Amino acid sequence: CLAAVTALRIRDEGGPALCGQLLFYPVTDYPSAPGGSYAAFGAGYGLTTQGNLWFWNQYLAEPAAADHPYASPLRAQTASGLPSACVLVAEYDVLHDEGRAYAKLLRKGGVPVFERSYAGMNHGFLKYAGVVSEASAAVRDACDWLKTILQTEPARESHG
């Protein structure tokens, strides 16, 4: 969430040019009416719906702040002008659907996106890289994406 919000704020408020945003199972929207992956994986898969709501309550000064894209980047009117993104999500994660939805919003805004969902994985699976093949694959995918972005993305001017 913080990386996605930082990219939005840099675009909107000016700041150093970013060449990309690497988003691992990103939080991109306040779950005001949890359904989809929240309903399917809200308990028993690591991060729970209730646990995520607890984090949101720590993050927001007040519940109404969730409506602003600087809290919930999926609520941005457009993703146009944001840097390339790598969005990696876990199949069995309450955040699965919003991560995929954010990748869709980015594409709709003309942002190049590398997106992958890792089968059989739950939130936090990356900590098992070197032990679980899907976690190792996710780390390799992220490193490959970063290598490509850092080698091919032209130097860009600041947004300010």
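## Largest pocket

Ala, Val, Leu, Ile, Met, Phe, Trp, Tyr, Cys and Pro count here as nonpolar, Asp, Glu, Lys and Arg as charged, and the others, Gly among them, as polar. In those classes, the lining of the largest pocket comprises 12 nonpolar residues, 2 polar residues and no charged residues. The structure is a predicted model, in which local features need pLDDT of at least 70 and side-chain atom pairs count only at pLDDT 80 or more, while totals for chains, interfaces and linings use all residues. Residues are numbered from 1 along each chain as its sequence is written, and side-chain values use heavy atoms, with hydrogens and water left out.

A pocket is an open set of points, on a 1 Å grid over the protein atoms alone, where a 1.4 Å probe fits, with protein on both sides within 12 Å along at least five of seven lines; lining residues have an atom within 4 Å of a point. The largest pocket has a volume of about 260 Å³, a volume being the space filled by probe spheres set on the points, which are joined across faces, edges and corners. Its lining consists of 14 residues, with Cys1, Leu2, Val27, Asn52 and Phe55 nearest the centre. Helix 1 (2-13) and helix 3 (49-59) are the elements that give two or more residues to this lining. Helix 3 gives the most, with 4 residues.

## Overall fold

The chain contains 5 helices and 3 strands; helices (H or I, at least four residues) and strands (E, at least two) are DSSP runs, numbered from the N terminus. From the N terminus on, the order of elements is α-β-α-α-β-α-β-α. The radius of gyration of the chain is 16 Å, close to the 15 Å that the globule rule gives for 160 residues, so the chain is as compact as a globular protein of that length. This radius is taken over C-alpha atoms, and the rule is 2.2 Å times the number of residues to the power 0.38. Along its principal axes, the C-alpha trace spans about 45 × 40 × 25 Å.

Of the 160 residues in the chain, 42% are buried. Buried means under 20% relative accessible area, exposed over 50%, and partly exposed in between (1.4 Å probe, protein chains only).

Two strands pair if DSSP finds at least two bridges between them. Strand 1 (21-24) pairs with strand 2 in the parallel sense over 4 bridges, and the partner of Leu22 in strand 2 is Cys86. Strand 1 has a covered face, formed by Gln21 and Leu23, and an uncovered one, formed by Leu22 and Phe24.

## Individual residues

Tyr25 lies in the loop between strand 1 and helix 2 (37-41). Most residues other than glycine have a negative phi. Tyr25, although not a glycine, has a positive phi of about 30 degrees. Tyr25 counts as buried, at 13% relative accessibility.

Gln77, in the loop between helix 3 and strand 2, is exposed, with a relative accessible area of 83%. Gln77 and Leu105 are 28 residues apart in sequence, and their C-alpha atoms are 9.2 Å apart in space. Asp144 belongs to helix 5 (residues 133-152) and counts as partly exposed at 48% relative accessibility. The C-alpha atoms of Asp144 and Gly20 are separated by 13 Å, with the two residues 124 apart along the chain.
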